[in-house]
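Let's take a walk through this protein together. Have a look at the chain first, and then we'll go from the big picture down to single residues.

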Amino acid sequence: MRLSIKTDFKEVYQKLERMEQAMQQKIIQETLELAGETMSNIVKGNAPVDTGALISSIDFKVNGDSVQIAVFHPTGRVKYYSVYQEFGTHKMSSHSYFRTGYDEGIAQVTEIMLEKILSLLASC
């Protein structure tokens, strides 16, 4: 008597590949969200405060494999005000909160991103 068992692991391999891709995307998403939150908080900490509209408009958005930190506001008034604060005008000097926030935060954000990636990889 003879017994044959045929196995086809192609489907299993495909599922494992999809799981790996999903895990990589999760790692990227979580890392970018953490980086965006950290950097936007640093920039907010450097922003000048008058009414609080500028600080409340600074936020981040994750776009695929990048994160954007910017002044998001439905009206143009705060956006113009943010540019005037950052670069100054002929009547007022600059209060560079965005560039100084970036300079202060980039090393910290890089370290946080590296730690997050390593911890997520270690848990796999």
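What follows is a short tour, starting with the whole chain and ending with a few residues.

A word on ground rules: this is a predicted model, so to speak of local features a pLDDT of at least 70 is needed, side-chain atom pairs count only at pLDDT 80 or more, and totals for chains, interfaces and linings use all residues. Residues are numbered from 1 along each chain as its sequence is written, and side-chain values use heavy atoms, with hydrogens and water left out.

Let's begin with the overall layout. The protein has four helices and two strands, and along the sequence they come in the pattern α-α-β-β-α-α. Helices (H or I, at least four residues) and strands (E, at least two) are DSSP runs, numbered from the N terminus. The radius of gyration is 23 Å, well over the 14 Å that the globule rule gives for 124 residues, so the protein is more spread out than a compact globule. That radius is taken over C-alpha atoms, and the globule rule is 2.2 Å times the number of residues to the power 0.38. Along its principal axes, the C-alpha trace spans about 95 × 30 × 20 Å.

How much of the protein counts as buried? Of its 124 residues, 21% do. Buried means under 20% relative accessible area, exposed means over 50%, and partly exposed is in between (1.4 Å probe, protein chains only). The accessible surface comes to about 9200 Å², and 56% of that belongs to carbon and sulfur atoms. Accessible areas come from the Shrake-Rupley method with a 1.4 Å probe, and for residues only the protein chains shown count as cover. As for contacts (heavy atoms within 4.5 Å), residues 24 or more positions apart account for 55% of those with a separation of 6 or more.

Now for helix α1, which covers residues 10-46 and holds T31. T31 is buried, because its relative accessible area is 3%. Its side chain reaches the backbone oxygen of I27 at 2.7 Å. Not counting residues up to four places away in sequence, T31 touches M113, K116, I117 and L120.

L16 also lies in helix α1. Is L16 buried or partly exposed? With a relative accessible area of 47%, L16 is partly exposed. Together with F9, V12, Y13 and M19, L16 makes a nonpolar surface patch of about 530 Å². Patches are made of residues with over 30% relative accessible area and no salt bridge: like charges are joined within 9 Å, and nonpolar side chains (Val, Leu, Ile, Met, Phe, Trp, Tyr) within 5 Å.

That brings us to charges. Side chains of opposite charge can pair when their charged atoms come close. The structure holds two salt bridges, each being a side-chain nitrogen of Lys or Arg within 4 Å of a carboxyl oxygen of Asp or Glu. One joins K26 and E30, with the closest N and O atoms 3.8 Å apart. Both residues lie in helix α1, four residues apart, about one turn of the helix. K26 is partly exposed at 43% relative accessible area, and E30 is partly exposed at 24%.

In the other salt bridge, the side chains of E86 and R99 meet at 2.7 Å, N to O. This pair links distant parts of the chain, 13 residues apart: E86 is in helix α3 (residues 76-87) and R99 in helix α4 (residues 98-122). E86 counts as buried, at 4% relative accessibility, while R99 counts as partly exposed, at 40%.

Leaving aside its neighbours within four places in sequence, I112 is in contact with L34 and T38. The C-alpha atoms of I112 and Q85 are separated by 29 Å, and the two residues are 27 apart along the chain.

S57 sits in helix α2 (residues 53-57) and is buried, with a relative accessible area of 2%. Neighbours within four places aside, S57 is in contact with A70, V71, F72, H73 and V78. Q68 is in strand β2 (residues 66-71) and is partly exposed, at 36% relative accessible area. With neighbours within four places in sequence again set aside, Q68 is in contact with D59, F60, K61 and N63.

Conventions:
A polar contact is a pair of N or O atoms within 3.5 Å; within protein, one must be able to donate a hydrogen and the other to accept it, and residues adjacent in sequence count only if both atoms are side-chain atoms.
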